[in-house]
Amino acid sequence: MGRRIDYIEMAATEYLQETGKSELDSLWIAEFFQDYGELNDFPRHNLVDFYALVQKALTIKIEKAEKLARLQQDKSNRSAKIQRKP
């Protein structure tokens with residue numbers, strides 16, 4: 001039996017890797033909810049709540065990835081400017 005947060009993080013990570021999309025697909029999450037045992041481990045939880053929590057985790061993952069990409073780009077730009085100086 002896993003923790004609920006583990007299922008949420010696993011779903012968000014797997015969805016992002018499979019699709020690369022930021023908007024969670026309702027059919028995809030319904031299959032995950034059923035197939036990965038979240039429903040068995042937490043029978044009182046419902047799909048709508050799980051969807052909302054996974055969407056939130058997915059949004060956070062995407063925002064972090066975008067921020068990291070911007071930081072890397074800024075670092076590259078600064079490095080390129082330093083190298084161009086006479």
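## Gln55 in helix α4

Gln55 has its place in helix α4. The model described here is a predicted one. With a relative accessibility of 13%, Gln55 counts as buried, because buried means under 20% relative accessible area. When its neighbours within four places in sequence are left aside, Gln55 is in contact with Ser22, Glu23 and Leu24.

## How α2 crosses α4

Two packed helices are described by the angle between their axes and the distance between the axes. Helix α2 covers residues 26-35 and helix α4 covers residues 47-84; their axes come within 10 Å and cross at roughly 110 degrees. Angles of 65 to 115 degrees count as roughly perpendicular, and α2 is therefore roughly perpendicular to α4. The crossing of these two helices, α2 and α4, is right-handed.

Which residues of α2 and α4 meet? From α2 come Ser26, Ile29, Ala30, Phe32 and Phe33, and from α4 come Leu47, Phe50, Tyr51 and Val54.

Helix α2 has buried residues, namely Trp28, Ile29, Phe32 and Phe33. Viewed down the axis of α2, these buried residues fall within an arc of 135 degrees, so they line one face of the helix. An α-helix has 3.6 residues a turn, so residues three or four places apart point the same way.

On the other side of α2, the exposed residues are Leu27, Gln34 and Asp35. What covers the buried residues of α2? The cover includes α1 (4-19), α3 (38-41) and α4.

## How α1 crosses α4

The axes of α1 and α4 come within 9 Å of each other, with a crossing angle of roughly 60 degrees. These two helices, α1 and α4, are therefore oblique to each other. In passing α4, helix α1 makes a right-handed crossing.

On the α1 side, the contact is made by Arg4, Tyr7, Ile8, Glu9, Ala11, Ala12, Thr13, Tyr15 and Leu16. On the α4 side, the residues are Asp49, Phe50, Leu53, Val54, Ala57, Leu58, Lys61 and Ile62.

## How α1 crosses α2

For α1 and α2, the axes come within 11 Å, and the crossing is at roughly 135 degrees. That angle makes α1 oblique to α2. The crossing of α1 and α2 is right-handed.

Where α1 meets α2, the residues of α1 are Tyr7, Met10, Ala11, Glu14, Tyr15 and Glu18, and those of α2 are Trp28, Ile29 and Phe32. In this contact of α1 with α2, seven residues are nonpolar, none is polar and two are charged.

## Ala11 in helix α1

Ala11 is found in helix α1. Is Ala11 buried or exposed? Ala11 counts as buried, because its relative accessibility is 0%. Not counting residues up to four places away in sequence, Ala11 touches Trp28, Ile29, Phe32, Phe50 and Val54. Among these partners, Trp28, Ile29 and Phe32 belong to the part of α2 that meets α1, while Phe50 and Val54 belong to the part of α4 in contact with α1.

Ala11 and Leu68 lie 57 residues apart in sequence, and their C-alpha atoms are 21 Å apart in space.

## Phe42 in the loop between α3 and α4

Phe42 lies in the loop between α3 and α4. This residue, Phe42, has a relative accessible area of 14% and is therefore buried. Gly2 and Phe42 are 40 residues apart along the chain, and their C-alpha atoms are separated by 9.5 Å.

Notes:
Residues numbered from 1 in each chain as written. Predicted model: local features only at pLDDT ≥ 70, side-chain atom pairs only at ≥ 80, totals over all residues. Heavy atoms only, no water. Axes fitted to C-alpha atoms, helices over the stretch in contact; angles between N-to-C directions. Helix = DSSP H or I, 4+ residues; strand = E, 2+ residues; numbered from the N terminus. Parallel < 35°, antiparallel > 145°, perpendicular 65-115°, else oblique. Left-handed = near helix turned anticlockwise from the far one by under 90°. Contact = heavy atoms within 4.5 Å. Buried < 20%, exposed > 50% of the residue type's maximum accessible area, 1.4 Å probe, protein only. Arc of directions from axis to C-beta. Nonpolar A, V, L, I, M, F, W, Y, C, P; charged D, E, K, R; others polar.
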